[in-house]
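Have the viewer open and follow along.

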Amino acid sequence: MVIPAYNEIATIADTVRRARQQIEPVLVVDDGSSDDTASQAEAAGATVLRQPRNQGKGLSLWRGMRHAVGQGAEAVITLDADGQHRPEDIPKLVAAYRRWPKHLIIAARLEHREAAPPLRRFANSMADFWVSWAAGCPIA
């Protein structure tokens, strides 16, 4: 489990605790946070990789995934640190992976998508477009 985090002190401990109830180990990549995100994640039981300065979610995910695979992980699940993903859904992802090993499993947040803040809707639309383009088929 990899969780990229940047200044998520308000949610990181709860996210880590709930994730650890579903799967171990939990790795948080602290992306140069200026708050106490890293120590809160450690106190909740995560292993923490610290980046000295903010380098973005993509690099945090890449670093976390490389670390997990280097430690012997055969697959990696990612969650956002801000609480928008439900750690309780992890077993569904694990079940999908077991059914379709060696496939990329993407969980789509389609419920209440229209209620998301405009900037998040825009970001999700951009991600949908580029992931679909890269995959060669539409992916929500």
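## An exposed loop residue

Let's begin with Lys-102, which lies in the loop between helix 4 (90-99) and helix 5 (118-135). Helices (H or I, at least four residues) and strands (E, at least two) are DSSP runs, numbered from the N terminus. Lys-102 is not a glycine, yet its phi is positive, at about 65°. Its relative accessible area is 82%, so Lys-102 counts as exposed. The cut-offs are under 20% relative accessible area for buried, over 50% for exposed, and partly exposed in between (1.4 Å probe, protein chains only).

## About the model

This is a predicted model, in which local features need pLDDT of at least 70 and side-chain atom pairs count only at pLDDT 80 or more, while totals for chains, interfaces and linings use all residues. Residues are numbered from 1 along each chain as its sequence is written, and side-chain values use heavy atoms, with hydrogens and water left out.

Asn-7 sits in the loop between strand 1 and helix 1. Although Asn-7 is not a glycine, it has a positive phi of about 50°. Asn-7 is partly exposed, at 27% relative accessible area.

In the loop between helix 1 and strand 2 you will find Pro-25. The peptide bond joining Glu-24 and Pro-25 is cis, with omega about -10°. Most residues other than glycine have a negative phi, and most peptide bonds are trans.

## The buried side of helix 1

Helix 1 (residues 12-20) has Ile-12, Ala-13, Thr-15, Val-16 and Ala-19 as its buried residues. These cover an arc of only 165° around the axis, so they lie on the same side of helix 1; the arc is that of the directions from the helix axis to the C-beta atoms.

The buried residues of helix 1 pack against strand 1 (2-5), strand 2 (27-31), helix 2 (37-43) and helix 4, where contact means heavy atoms within 4.5 Å.
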